[in-house]
Each structure stands twice: as structure tokens, then as C-alpha cells.
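Let's take a friendly walk through this structure, one piece at a time. Keep the 3D view open as you read.

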Amino acid sequence: MPRDRRIWKHPIIDFKRGRKVRFFFEGKVVEAYEGETVAAALYAIGIDVLTWSPKLRRPRGPFCMIGKCSSCLMKINGVPNVRTCIEPVSEGLVVERQREIPPIPETSENRQVHVEELDVDLVIVGGGPAGLIAAMEACKRGLDVVLIDESPRIGGQLVKQTHKFFGSHEWFSGHRGFEIAELLSKKLASFKNLRILTRTTAYGIFKDNVVGAACFGSTPGNYTIRFRTCIISTGASENYLVFPGNDLPGVIGAGGAQTLMNVFGVRPGERALVVGAGNVGLIVSYQLLQAGVKVLAVVELMDEIGGWFVHAAKIRRYGIPILTRHTVKEAWGCERVEGATVVAVDEKYEPISGSERDYEVDALLLAVGLTPDNRLLAQAGAKMVWLPSAGGFVPLRTVFQETTLRNIFVAGDSSGIEEATTAMVEGAIAAITAVESVRGISKEDEKYRKRLLKFLWGEYRASPVVRRAAEAKKKALIDPEKLEEVVRG
Amino acid sequence: MIVGGGISGLFTAYFLANRVDPEKILLVERSYIGSGSTLRCATGIRASFTTEEHIVLMKRSIEYWLELSRELGFYLRRGGYVWLLQEEHLDAFKEYSQLHNRFGVPTRIVDREFVAELVPSINQDMFAAALHDPLAMQADPFEVIHTLTRFLKSTGVKIQEFTEVTKLVLDHERKNVEAVVTNKGEIPAENIVVAAGTGTKNLLKSVGVDAPLEPLPKHILITMRYRRLFDPLLIDWASNSYIVQSRYGGFIVGAELAENTSGEAINRIDYMPHAVRIWSKFFKWFPKVYILRYWTGYYVMTPDHHPVYGPVEGVDGVYIAAGFSGHGFMLGPVTGYVTSRWVIDGDPGIAQAKNLMLARFTMGRLIREKAVIG
């Protein structure tokens, strides 16, 4: 195998790798550490190409690393199209790459699927910041709760956030994202009225308030969950950018790169170019440096840097140029990015010919925004509204986060792109309203919810940078007058 | 003006544009093109029906499908249909086959070995015999809709999406239609073809016409893509269910669930196990495939399961193309043909189409179709 991309020394993170396990990759025995996923483990040992596109046979590598894209589909134990970025490694796993549309699996026996019907007060889909806080608030108040998450462990994108939160003490200011995830997971473990289903995909919301959920992997299950209330906190997926070569292995979502290096301790490459100078682009650039990756430049289409000044100043101190009014023209390479051409754009954002510059890089990270993942809500028939400033289609909702579907709530990025603190506050508001719907609301809770709303729409999002997001989400409110009433009155 | 940007409206525009100035044709669609029933359909095209009207019209439709596929350049596969039958169905299907043959549709009753050659992995114990329709085919609704729309625009036909017609407007004598009211204002029109699927009934009601059109919720799913296993669309007549492997390899499965007409089509948790149970009896590999998507739609049903075509008595200038009872996609080209002929020549050009006018319900001339699937 070519090389080991694992990070063994990191200024902030102590990677707690599990015991060594061995599995088969196309007939060869390869080693990994328990806790890694198949895609992370293969990438760590230098396997860039995880699969080939079925029609044009173009090589594909990891992109999102959180189960939201289809860039890492492989055959595992005979089952094709497994999302290997969220499939944990285990002893003796048989992993193969796909080169075409797969035949029907030839697994000899039909595996026993655990079938279970549940009846709960609240089902939460998505165990990120919004979902975890919602679970905590609802459990504290005695609701029977099921929390579903596709990943092997809960925490959502908190688990890869290594920067310290600022904002309010109540919402973990001074803590790093992954610490918050650990803290919340520990707290939730103490609730007897909470059931957590990891590696489980909620595949639909059905007639008469039923969520269908399927657990994959070695212990497959199919759950029919009848609910009184439901919170959708399914997060977001990373945006793509259109340029020749954008599908080469090594072109990775900035978030995907964060998962690789901050969760699994795997370097996404040796020399990187980052596209997008919003907060994600700037933070990921700094984290790349921490992981020992050389960052050649940050490319930004707009005239100005979108992210916070502190982040920009930090990476400038390390001598990394931020090229505003530039974009990627193309990426090239054979089965892996070997370089990219950057070009300046004019005031109409059209490329200026002659301004091309080539960079020899093996990683091209795209930090060009997120799209809310609210497919479940759309499928269930919630009314959606197109709000580019919130990231795309978002569900209409009341100030209490209830969608146009009675007792179905939305919280976090799936309600419109923002950041983790907003997600947590929205999760709390949704959970308390769910409690209200199941058994009524106490005076204290009513007060608490009012305080949360005031914090969310007033004090917390007062700065111009987050104000924008709040203004966007206001347009998705069914009852904006109610907001006035709560915040001012 | 054509109200409705589904397969029927688009093909009507196509045949009209062959004969009149395309710039005088406007098609309006309340959502995006194909968003009603067309893009939700099962992709099958067949002429093996149980009435003369359906067989003759569908056979002509198949001829148009072939011609248009060549002319416009879209995918069409002649995979055929196989109706899997039990002992007790055989007598009826022998009769149907004779009827098909009489109108030039070469179906025949075949034995289990014949089916096993077409569909190698099928469990032969699950059926007694089959009816094979070699004329039937599959198209790709997405490609057809896209190709047609692009072509129509290139000829000068105006297509306006997200324009919802809320009512038709009659002139002061209340005899001729003269305009429609939409969410984007009133639009005048001399002739109006209402091909609006589930919305047709209300539009006709706005000019005092009562059409017996009832939407019936339907359920359908598609699996992940797998290497091609068989070509024909299979029908299990006993469970009223079908399966077909799409152009791209996913298995499309429709199966009947008890639903009320005019109920809302909502995803039901019991649909997927129901569909899987049926086809797992025929294919031992079926439990191993992964379902990718499951969606709902409507069959707009008429009392005799035939479409409503042609002009409306008492309201000049209004033409109907609706109530396909699950067969709108396959009928698309012939619907376009007869409707365009009615608008331009006052005659559908195919005699059997005249039997499908709205008046048949008040005159009690119903034609019963027995082979509605899914």
C-alpha cells in the first residue's frame, strides 16, 4: 500500500483509535482501527478510488463523508451500493469496488431482519446539535423518545468541529464542538425514556403519523414508529461546484475533509487548495494546517471574504493567500487530483482569459455552501418555500418550529443553513412545543420558551453576520406577527 | 390553448403544431411539465386491452410511438408484456387474445417454459400460463417529456409553467369559451383543450359541465439499479400488480392497495411490504434488492375505465382529453392525434374515438374495460 495518511500528532485532538481489525479489500487483507468507517480506513492507507461511475467508468473518491452523497458506494459482504463513509469496519468484512451496475446480490441466505413496531411521544430524525438538545429537553420532561441517526454514532457535525464556540455560556461557549457532542451523548445515556437507533435511516413519513426506519449493517432492522410528535433535524449536504474534473478523487467537500481529519485522523491530502472563503472554508484551511497539510491558497469568487475576520486573520498569519474574485477553472489528474487551474473573474464573475494560474495539489476542497436536507419533510407533504439565502428549499414553520404538517417540527440546518448554536436553540423550542402538544405546557416552560425565542431572534443574532440568516428564516415563518408578539411583548 | 403539460397536452400540441401556426398554440401547466401523472407512471405501453376502442386506439398509439421515437430521438424498448395467469383466468384470457388478434395485436397464451425463457429467474410454480403481448413496449417518461418540450419550443409553441388555470370563461351568450382565468391573469383563447388530469373535473364544472372523473390514489416504487434480468413488463393478474425493469436497471413495482376514489394519495407504510411480498413469490432474489424510492399518484378514473375525448356539447370551443384510468401515458400520441383532428377538422380521424365522448355517460353508452392494472 502506498502510504499511511493517518495523523499521529495533532495540537488539539487526541485520536482514540480502537483495536486493530483486519478486513478484505479486493482479496487483500488490510488493517484498520475499530471506530473507523470503511471509506476512512481505505483512504487512510492510500486507496483514492473507492468506486467507478457505472456508465462512464469515472473514478470516484470520498466526497461528503456523512452518507449524503453517492461517491463512496461499494460492495460489502456481497451487498452492492453500501455507503462506506458511514459503514464501520469490522473483522473479516469483504469489501469490493464496483465498476458497473451491480447484479442482484448473490448472498446465499436471506438475512434475518429484526422487525419492530414502536409507539412513542416523539421521534427525532437526526442526532446533531438540534436533535440532541431536542432529545434532552423532551426526555427531561418525561416524553418517550426515539432518536434516529444514520451514522454509527450520534453528534452530527459537532464531532468534527475543533474550534471553540462563542456566544452564550448557556449554549456551551468556550467548548469545542466535539466536546459538546461528548457531553450531550453522556447526558442522554442516563435517560431511560430515550431509545437511540444509530446506523438507521428514516426512509419515510407515512400516513397516520408513522416513520419507517431501516437499520443497516450486520444487525439489520426495520422499525415502524408511530409517533405523536416528530422533529426533523436532518442537517444539510455540501454543495458541488461545476468545473471539468470536479469528480476526481481528491475533490472533497470541506466538511468531508473535516470528517476525515478531525474525526478519523486521516489527512485528506498533502497539498491542498480550498475553494470558498466563508467560515467553513477559512476554518477548514486552518484545520488543514493543524493536520500537517500544506494549503496553497483559498479561492473566493466574491469581492469580499464571507467568513469572520478572526478566521481570515488567522490563516493570513500563516501566509496563505486568499484570492478573492477567483474561481477554479478545472482540476486534472489520473485517478486522483494532481493539480488545478485557478482563474480571476471580472465584475460579472466571468473568467478573465490569460489570468490562469496552475497549482500542483492533490486535494481540492469545496467550501461552497450547504443545502438543507429536508427530503423527509418534502416527501411528507410539508409546504416548502424557495429561499436561496437559507440554502434552498426550506419548510414553512411557525415560530415554534412546527411545519405545515401538524405535530411535525423542523430544527437545525434542515430548516435553513446556520450554525450549531441556532440549531440547538431551535431544537429546544421544537421539543418544548412537542411536549406542549403531547401533554400541555407548564408555566415555567412557557417562560423558558419565550426566553429562548427572544434570545434566538434578538440578542444572539444581533451581529450583522448572523443577522442575515435570521432575516432569511423570517421569510419562512407562517406567523411573523407572532414573532413580534413574542420578542417585543 | 392547452391546459395541462402532461403527456396528453404535449402530444396534442405536437400534432396541432404540424397543422397550424405553432406560435398560435399556448400550453399552460400549473406546476412543472410532467409533474401530474406523467412522470409518476409505470412507463408501459400496450395494446392488449379488452375493448375494440382501446385496442384500436392503442395500436395506433404504438405506431405513433415508434414513428415519434425515430423522429424526435427518444428511447423506446419493445420488451413486451407478460400477463401471469392462474388456471381460473385462462378462459377469459383466451377470449381476450382472440379479440386482440382480430384487431391485429398478436398476443397468445403461452406456457410456463416460454415465460421462463423470457424471464429466466421466475418461479414457475406461481402461475399456470401466461398471455404474451409481443407488441408492447416501454418508454422513459422523463426523456419523452424533455424531448417533446424542447422540440415544441423550437417550433414556436409557447409553454408556460407554474400557470394554474382556475376557471374557464364563456362569452356573454354563454355558448362559446373565450378565455381562461389563471393565477397570472386572464388569457383569451379561441379553443381550449382541457388535458389537466386531476384538475379537469373542476375546470369543466366552472362552465357547468359535469364529467364523471374521479382520482384514485395509486402507489409505485423503484429499486436500486441492477444488471438487466428481463425485458418484459410482468403482470400478476391475481394480485393486480406489475413489475418492470426500467431503462436504467431499477425494478418498478406497482401493486393495488384498497383506496377510496377522491381520497388523498399519501405514502402508506403497508405498501412496500405488500409489493415485496407479491414479487418475492415469483422471484427468490426479490427480498435482496433495495428499494430506492416510493411515490404516489392518481389514476383519473371514469365509470367505464376509458378516457373522455373530444368536444363538449353545449360549450363550443372546449375539448377534453382526460380520465385515462391509468392509461394516459401509453395513449399519449393517439390522444394528441385525435384531439388535434377534432380541434382542426371537427372529426377525430379514428372512428372508435367518437365512442369516447363525454355524452356517452348521459346516453348510457358505457364501454367496459376489464384490464386495468396496478
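This is a predicted model: local features need pLDDT of at least 70, side-chain atom pairs count only at pLDDT 80 or more; totals for chains, interfaces and linings use all residues.

To find the pair in the viewer, look for residues 279-290 of chain A, which form α5, and residues 309-317 of chain A, which form α6. Their axes come within 9 Å and cross at roughly 35 degrees. The crossing of α5(A) past α6(A) is left-handed.

## Where the chains touch

Now turn to the contact between the two chains. Chain B gives 16 residues to it, and chain A gives 15 residues. On the side of chain B that touches chain A, ten residues are nonpolar, two are polar and four are charged.

## Strands joined by hairpins

Next, find strand β10 (residues 165-170) and strand β11 (residues 177-182), both in chain B. How do these two strands pair, and over how many bridges? They run in the antiparallel sense, with five bridges between them. One position to look at is L168(B), whose bridge partner in β11(B) is V180(B). The hairpin of β10(B) and β11(B) has six residues between the strands, and there R174(B) takes a positive phi near 55 degrees.

Strand β11(B) also pairs with strand β12 (residues 185-188) of chain B, again antiparallel, and this time through four bridges.

## A three-stranded sheet

Chain B also holds an open sheet of three strands, in the order β3-β8-β4, with antiparallel pairing. Which strands form its edges? They are β3 (44-45) and β4 (76-77) of chain B, and each of them pairs on one side only.

For a closer look, follow β4(B) to strand β8 (residues 137-139) of chain B: two bridges connect them in the antiparallel sense. Within this pairing, R77(B) has Q138(B) in β8(B) as its bridge partner. As you look at strands, remember a general rule: in a regular strand, side chains alternate between the two faces of the sheet.

Key:
Residues are numbered from 1 along each chain as its sequence is written. Chains are lettered from A and ligands numbered from 1 in the order in which they are written. Axes are lines fitted to C-alpha atoms, for helices over the stretch in contact, and angles run from 0 to 180 degrees between N-to-C directions. A crossing is left-handed if the near helix is turned anticlockwise from the far one by less than a right angle, and right-handed if clockwise. Two residues are in contact if their C-beta atoms, placed from the backbone, lie within 7 Å. Ala, Val, Leu, Ile, Met, Phe, Trp, Tyr, Cys and Pro count as nonpolar, Asp, Glu, Lys and Arg as charged, and the others, Gly among them, as polar. Two strands pair if DSSP finds at least two bridges between them.
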